[in-house]
Amino acid sequence: MENARADDPKEGLKTANEVIEHQKEEITDVARKRGIDEEQIAQFTGASEEWHHGMTKKLIRKVDLHLLPMLGLMYMLNFLDRNNLAQARLGTLEEDLGMTGTDFNLATSILFVGYILMQLPSNLLLTRVRPSLYLGAAMTIWGTISAAQAATQTFGSLVACRFCLGFAEAPFFPGAVFLMSSWRSELALRIAWFYFGHSLANAFGGLLGAGVLAGLSGARGISGWRWLFIIEGSLTIFSAICSTFVLPNYPATTSWLTQEERAYAQWRLIKDAGEADAADASSIKEGVMLALRDPRLYLFTLLQHASLLSQTFQYFFPTILQTLGYGNIETLLLTAPVWMAAFLVSLVVTYTSGRFSDRSIHIVCLMLISVAGNVIVVSTLNTAVRFFALFLLPLGAVPAYQIILAWVANSFPRPLVKRSVCISFANMIGNSANIYGTYIATAADALLVALLAIVARLVLQRQNKKLAAREAFESDGHSAEAGGREGTAPAGFRYIL
């Protein structure tokens with residue numbers, strides 16, 4: 001029967017039309033439940049493609065002008081406050097605090113112990129409070145702790161500050177990704193622009209570090225590395241206060257959108273994923289259990305963990321560059337072009353990833369570039385060739401990680417609490433790589449990322465086949481099958497591969 005229907009073009013067209021009608025009915029029903037009035041539902045459902053294109057463009061531009069510059073600035077300061085220890089090391093940090101041996105490795109990795117402990121509780125709390133207020137408050141706290149590092153007099157006090165800094169920084173990254181995913185579409189490209197803050201921190205953090213170490217060392221009797229912590233911590237606190245007034249909240253609760261824009265933003269989410277983001281769609285306990293029972297969560301968590309493991313070179317990047325024979329200031333200046341190149345590549349590959357609805361193939365190709373960089377940098381002593389290889393390391397690993405972040409969020413679209421748990425859980429376990437990754441780093445990590453991306457693609461392909469089979473079954477007049485994770489997806493939904 002199935003084969004006969006597939007061979008008949010009229011039957012195939014009839015089935016496709018039935019699926020479309022079923023999808024429209026689901027969208028209308030869910031939109032009504034989320035408080036969008038009948039007139040707006042009729043307007044959105046019956047509007048032309050040109051109207052939707054114009055309205056979407058207007059909405060996205062308005063949201064992104066508030067969202068991306070502010071999140072990019074916050075991420076830049078987040079990364080600066082986390083990584084300025086690498087620049088401080090080029091000053092008199094180790095000498096002043098009596099650090100020897102692997103003390104620097106411990107001071108670097110201890111941050112991620114506090115960071116990991118706060119990940120999941122923080123993102124669960126974020127589903128119940130205003131994101132703009134919560135992220136701004138967290139930023140104020142970590143900025144204060146970052147500045148306080150300037151007052152440390154012993155290695156032990158530095159370690160304590162670093163642990164607390166990780167605890168305070170934990171809400172930001174998964175919270176920012178979660179907030180961006182709450183506006184659903186264009187996520188991969190949004191993450192690339194969000195990561196602009198990461199690239200700026202790596203590029204101009206070195207320039208700022210060079211300027212402070214060269215110009216303020218000994219000023220008012222204070223070491224250059226102490227000034228570095230004071231300046232960057234103060235910038236963070238000021239930006240945190242601004243963020244509470246600029247960042248959006250959720251589509252239904254963002255005050256600077258008009259009523260029509262809020263309704264349309266929710267309607268887009270319903271059309272895209274079958275449900276508008278609402279904290280009351282499920283309880284925290286239900287969301288946690290839904291996430292932990294989903295086997296795909298553990299696959300994506302391992303993928304994110306391996307990806308972060310492949311990037312631990314960045315915590316020693318100035319030190320690696322210094323092995324090329326340059327002085328402290330020259331070394332910090334040379335970090336700028338490397339990270340700006342990584343940002344430009346990120347914009348291109350995240351655009352093509354979204355344009356062609358692909359994640360896995362992009363990740364595999366990018367990680368092979370990183371593998372090449374790893375191999376070259378350890379197999380030659382030629383300065384020019386090694387500098388080129390150092391370009392390849394972030395050029396492959398960093399854009400691939402951005403695509404992975406979008407892939408994780410896209411693969412767990414609903415309900416809101418489940419997606420929040422999945423993002424924070426993957427980030428929590430993923431970042432444990434930074435605890436031990438500062439002691440080991442090999443090309444095998446990048447190869448593992450490529451392999452896991454292929455496995456994830458095959459798993460989601462299988463899920464998409466099940467979704468197609470379910471829709472064909474329902475189009476014959478059968479009721480939806482009870483149970484099974486795929487049954488929660490709306491008609492027409494497919495996982496991005």
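Hi everyone. Let me start with a definition: the expected span of a helix is 1.5 Å times one less than its number of residues. Please keep in mind that we are looking at a predicted model.

So, helix H9. H9 covers residues 155-169, which is 15 residues, so at 1.5 Å a residue the helix should span 21 Å. The C-alpha atoms at its ends are 21 Å apart, in agreement with that.

Which residues of H9 are buried? They are Phe155, Leu158, Val159, Cys161, Arg162, Leu165, Gly166, Ala168 and Glu169.

Let's take H7 as our partner helix. The axes of H7 and H9 come within 6 Å and cross at roughly 30 degrees. Angles under 35 degrees count as roughly parallel, so H7 is roughly parallel to H9. H7 passes H9 in a right-handed crossing. On the H7 side, the contact is made by Leu111, Val113, Gly114, Tyr115, Leu117 and Met118. H9 brings Arg162, Phe163, Leu165, Gly166, Phe167 and Glu169. Sorted by class, this contact has 8 nonpolar, 2 polar and 2 charged residues.

One residue I'd like to stop at is Glu169, which lies in H9. Is Glu169 buried or exposed? Its relative accessibility is 0%, so Glu169 counts as buried. And what does Glu169 touch, leaving aside residues up to four places away in sequence? Here we find Asn78, Asp81, Arg82, Tyr115 and Trp142. Tyr115 is also one of the H7 residues in the contact with H9.

Methods: Residues are numbered from 1 along each chain as its sequence is written. This is a predicted model: local features need pLDDT of at least 70, side-chain atom pairs count only at pLDDT 80 or more; totals for chains, interfaces and linings use all residues. Side-chain values use heavy atoms; hydrogens and water are left out. Helices (H or I, at least four residues) and strands (E, at least two) are DSSP runs, numbered from the N terminus. Buried means under 20% relative accessible area, exposed over 50%, partly exposed in between (1.4 Å probe, protein chains only). Axes are lines fitted to C-alpha atoms, for helices over the stretch in contact, and angles run from 0 to 180 degrees between N-to-C directions. Angles under 35 degrees count as roughly parallel, over 145 as roughly antiparallel, 65 to 115 as roughly perpendicular and the rest as oblique. A crossing is left-handed if the near helix is turned anticlockwise from the far one by less than a right angle, and right-handed if clockwise. Contact means heavy atoms within 4.5 Å. Ala, Val, Leu, Ile, Met, Phe, Trp, Tyr, Cys and Pro count as nonpolar, Asp, Glu, Lys and Arg as charged, and the others, Gly among them, as polar.
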